[in-house]
Amino acid sequence: IPSMRSLVGDFASLIGPLEGREIFFLSIFSALGEEFFFRGLIQGKFGFWVASLAFGLLHVGPTRRFLPWTLFATAIGFFLGWLYIWRQDLLTPVVTHFLVNLINLRLLRRQGPGNS
C-alpha cells in the first residue's frame, strides 16, 4: 500500500538507521519504562481506560500522516492493559510490548528508504 510505504519512510527518517543492538535496547527499555508507567502506575491508580487511552496519546505522531500509528498504538495499549488484568503481572505486557517494538523496528529497518 503506497500510503503505508510512505509512512514507513517517514518513520525511517525520524528514527534514522538503527543497528541490531540499538533495536534490541530501544525495544527492551521502552517496553520496560512504558509498561511500568502505564500498567504499573497509571492503570493501577486510574484504571484500564485511562491508562490505555493515555498510552495511545503518548504515541501521537508529529503530523496527521502518523494517525494509523497512533490508532495501532492505542489498540495495543488496550491489549497490553487487558494482558495486565488477565495475567495479574507486569511481565506479560512487558514481554509483549518488547516483541511488538522489536518486530516493528526490524521491519522498519528492512523496509526503510534504500532497503526496499
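What share of the 116 residues of the chain count as buried? The figure is 35%. This is a predicted model, with a mean pLDDT of 87 for the chain. The chain has five helices and zero strands, so its pattern along the sequence reads α-α-α-α-α.

**Confidence**

- A pLDDT of 70 or more is reached by 86% of the residues.
- Among the elements of the chain, H3 has the highest mean pLDDT, 97.
- The lowest mean pLDDT among the elements, 66, belongs to H1.

**Contacts along the chain**

- Among contacts with a separation of 6 or more, 67% are between residues 24 or more positions apart.

**Packing of H3 and H4**

- Helix H3 covers residues 48–58 and helix H4 covers residues 67–87.
- The two helices pack at an angle of about 145°, and their axes are 7 Å apart.
- Their crossing is right-handed.
- On the H3 side, the contact is made by Phe48, Trp49, Ser52, Leu53, Phe55 and Gly56.
- On the H4 side, the residues include Thr70, Ala73, Ile76, Gly77, Leu80, Trp82 and Ile85.
- By type, the residues of this contact are ten nonpolar, six polar and no charged.

**Nonpolar cores**

- The largest nonpolar core has eight residues: Phe38, Ile42, Ala51, Phe55, Ala73, Ile76, Leu80 and Leu83.
- Helix H2 (20–46), H3 and H4 each give two or more residues to this core.
- H4 supplies the largest share, four residues.
- A second, separate core has seven residues, among them Leu7, Phe11, Leu18 and Ile23.
- In soluble globular proteins, nonpolar side chains tend to be buried together.

**Phe55**

- Phe55 belongs to the largest nonpolar core and also takes part in the contact of H3 with H4.
- Leaving aside neighbours within four places in sequence, Phe55 is in contact with the core residues Phe38, Ala73, Ile76 and Leu80.
- Under that condition, Phe55 also contacts Glu34, Glu35, Arg39, Gly77 and His97.

**Leu14**

- Leu14 is found in helix H1, residues 2–15.
- Leu14 counts as exposed because its relative accessible area is 54%, and the cut-off for exposed is over 50%.
- Leaving aside neighbours within four places in sequence, Leu14 is in contact with Pro62 and Phe66.
- Leu14 and Pro62 are 48 residues apart along the chain, and their C-alpha atoms are separated by 9.8 Å.

Key
Residues are numbered from 1 along each chain as its sequence is written. This is a predicted model: local features need pLDDT of at least 70, side-chain atom pairs count only at pLDDT 80 or more; totals for chains, interfaces and linings use all residues. Side-chain values use heavy atoms; hydrogens and water are left out. Axes are lines fitted to C-alpha atoms, for helices over the stretch in contact, and angles run from 0 to 180 degrees between N-to-C directions. A crossing is left-handed if the near helix is turned anticlockwise from the far one by less than a right angle, and right-handed if clockwise. Contact means heavy atoms within 4.5 Å. Ala, Val, Leu, Ile, Met, Phe, Trp, Tyr, Cys and Pro count as nonpolar, Asp, Glu, Lys and Arg as charged, and the others, Gly among them, as polar. A nonpolar core is a set of buried Ala, Val, Leu, Ile, Met, Phe, Trp, Tyr and Cys residues joined through side-chain atoms within 4.5 Å. Buried means under 20% relative accessible area, exposed over 50%, partly exposed in between (1.4 Å probe, protein chains only). pLDDT is the predictor's confidence in each residue, from 0 to 100.
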